[in-house]
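Good morning. Please have a look at the chain on the screen, and then I will go through a few points about it.

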Amino acid sequence: MRRYEKLIGENIFQECEQDGMRNVIEKHMRNGVIFKGFRGVTISEEAKIGSGTVIEEYVIIGGNSVIGGGSFISSFSRIENSEIGEGTRVVSSNISDSSIGSFATVGPYAHIHTSSKIGDETRIGNFVEIKNSVLGNGSKAAHLAYIGDTDIGKKCNIGCGVIFVNYNGKEKRRSKVGNGAFIGSNSNVIAPVVVEDGAYLAAGSTLTVDLPKGSLCIARSRETVKENGNKYYDKGYTK
């Protein structure tokens, strides 16, 4: 009986043997990788995983992926031909042909693909899609954003519901966001534009022009409220 079986039980590899994963998983265990279970785990022979990384069940690591030591890959994550830095957490997310820095957090349910480069100590949150883009060290896109064909600097904040509009119906165009910029929630950034360092785009704006360094842009009209303007309102409905 192998020593790994003595540690966890004789049937430890029952699931992974069915998928032909036993030898691959044993190799990574010898190198200090920690598996929380084996059901649904698929790892390519070419993949490299650092010591101390924790991998849960139902994880797919394919191609020439490289995962740094001390990382955490949760169930229902897929990593394909990508590089993950040390100490990074990937939670139920899809990463392909891209790189993630060290001590970053990704997910749940994020999608990073098409040669994207994500820096160290970044935060990519719920339902964020990043395509062919760069996100600098310390920047955050916490939830519900689309970042396509955009270069974003360091320590930027991308608000909830932000869309970088990269396609005009005929061609893809690229935008650039400088260091320390703030893109307010529910904003549209229509390429090609340049948002310089420290610029602030107010929530609910649609941006079509370049923003100078340290500027504030409010690209929305003021509310117009007309009392009793709703001719369809039935006053008895709320009683």
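This is a predicted model: local features need pLDDT of at least 70, side-chain atom pairs count only at pLDDT 80 or more; totals for chains, interfaces and linings use all residues.

Where is Leu 144 found? Leu 144 lies in the loop between strand S19 (140–143) and strand S20 (146–148). Together with Tyr 109 and Phe 127, Leu 144 forms a nonpolar patch on the surface. The accessible area of these residues together is about 350 Å².

Now the protein in general. There are 30 strands and three helices. The accessible surface comes to about 13000 Å², and 48% of that belongs to carbon and sulfur atoms. The protein has 239 residues, and 44% of them count as buried. On contacts: take those between residues at least 6 apart in sequence, and 10% of them join residues at least 24 apart.

Next, the inside. How many residues does the largest nonpolar core have? That core has 49 residues. Those with the most contacts inside it are Phe 35, Ile 43, Ile 55, Ile 124, Ile 158 and Phe 164. Helix H3, residues 22–30, gives the most to this core, with three residues.

Take Ile 43 from that list. Leaving out residues up to four places away in sequence, Ile 43 touches Met 21, Val 24, His 28, Phe 35, Ile 49, Ile 55 and Ile 61. Two of these partners, Phe 35 and Ile 55, are also among the residues with the most contacts inside the core.

That is the end of my part.

Technical notes: Residues are numbered from 1 along each chain as its sequence is written. Side-chain values use heavy atoms; hydrogens and water are left out. A nonpolar core is a set of buried Ala, Val, Leu, Ile, Met, Phe, Trp, Tyr and Cys residues joined through side-chain atoms within 4.5 Å. Buried means under 20% relative accessible area, exposed over 50%, partly exposed in between (1.4 Å probe, protein chains only). Helices (H or I, at least four residues) and strands (E, at least two) are DSSP runs, numbered from the N terminus. Contact means heavy atoms within 4.5 Å. Patches are made of residues with over 30% relative accessible area and no salt bridge: like charges are joined within 9 Å, nonpolar side chains (Val, Leu, Ile, Met, Phe, Trp, Tyr) within 5 Å. Accessible areas come from the Shrake-Rupley method with a 1.4 Å probe; for residues, only the protein chains shown count as cover. A salt bridge is a side-chain nitrogen of Lys or Arg within 4 Å of a carboxyl oxygen of Asp or Glu.
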